[in-house]
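Let's take a walk through the charged pairs in this one. Have a look at the sequence and the fold, and then we'll go pair by pair.

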Amino acid sequence: MEQLDDLLQEFITDTQESLEQVDVRLVELEGAGEEDGTNPLPIVNELFRMMHTIKGTCGFLGLNRMANVAHVAENLMDGFRNGATVTSAAIDATLLAVDRLKMLLNAIETGGGAEPSGSDDEVIDALKKAAGGTVEDAPTAANSNKDSAKAEAPAEPKPAPKAAGKPAEKPEGAEQGEQAGDRSIRVSVETLEHLMTVVSELVLTRNELTEIMRNDEGTTHKLALQRLSTVTGELQQAVMSTRMQPIGNAWRKLPRIVRDVSSNLGKKIELEMNGSQTELDRQVLDAIKDPLVHMVRNAADHGLETPKERRAAGKPDKGRIVLNAYHEGGQILVEISDDGRGL
């Protein structure tokens, strides 16, 4: 049972990250195509693979509600891969499915590994309606694993969705990016904290030995102590870098939030994020996530005007929110601005 618990916890962590990424990719997919020249096919393929993985793992773990929702969402993505038009209604339905998967995942985590009772018919119906009623029914628990084995991504790319404008080839290096996860591992925070403590003790010992070396001019171990000092410094820097994370990790929720606000209020909003690879300490990143979300939501909700108000003020219909993160004077600065009326 302990092994199953470990497997379930690993699934929860991986799926939480995947669903956050699905949010981002869906918003990118909605804006891809003729408007910005982005080829939507790689985005659709990535969305299909993530939903396929979630569905297959849920089937293996016996999480039938999640498997059913993910299965219908996966089929909708497969329709996009085969040339179906990407519509706002389809994006809305898929985001609704993502929200339901997040809710179920949270209930599983807090409920000891068991799915809550209930129905997901309204979510599944919305997905089917968005697909024009062509999405097949969700698999039963008995054949979900069999279906998972058959639904591997095809070797040959399929036509791009109609929203793409002109079908472009897969960009060079895309496959390398897809395999980037193979070169990283997940380490618990407790392990990193313990490693930091051990390295701190090593640094203290290094300093004591360095002081001994300074006071004993006749020592024959100067070269060895100098080498120890160098290696210790490098180790300390390497361990500290493991605590650093790109600020883009704190920005993942923002495209979805801006999209929801713009949809609910009838606004047109473009979100520009620069410097997403700027790294901060993990604890600092955790501390600024909520304030960032609050400030961006305020800019979208209250700062930017409606298209009618912007036209009256001589502005373009679409408002802009810009996030910048950069190093300056030994500090990391994060700026949030918009071209609205102000708060």
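Start with Arg282 and Glu193, whose side chains meet in a salt bridge at 3.5 Å, N to O. This pair links distant parts of the chain: Arg282 sits in helix H11 (residues 282-303) and Glu193 in helix H8 (residues 189-215), 89 residues apart. Keep in mind that this is a predicted model. Arg282 has 17% relative accessibility and counts as buried, because the cut-off for that is under 20%. Glu193, on the other hand, is partly exposed, with a relative accessible area of 30%.

Next, find Lys315 and Glu305, which form a salt bridge of 2.8 Å, N to O, between their side chains. As for solvent, Lys315 is partly exposed at a relative accessible area of 27%, whereas Glu305, at 7% relative accessibility, counts as buried.

Now for Arg256 and Asp23, another side-chain salt bridge, at 2.9 Å from N to O. Both ends are tucked away: Arg256 counts as buried at 10% relative accessibility, and Asp23 counts as buried at 6%.

Conventions:
Residues are numbered from 1 along each chain as its sequence is written. This is a predicted model: local features need pLDDT of at least 70, side-chain atom pairs count only at pLDDT 80 or more; totals for chains, interfaces and linings use all residues. Side-chain values use heavy atoms; hydrogens and water are left out. A salt bridge is a side-chain nitrogen of Lys or Arg within 4 Å of a carboxyl oxygen of Asp or Glu. Buried means under 20% relative accessible area, exposed over 50%, partly exposed in between (1.4 Å probe, protein chains only). Helices (H or I, at least four residues) and strands (E, at least two) are DSSP runs, numbered from the N terminus.
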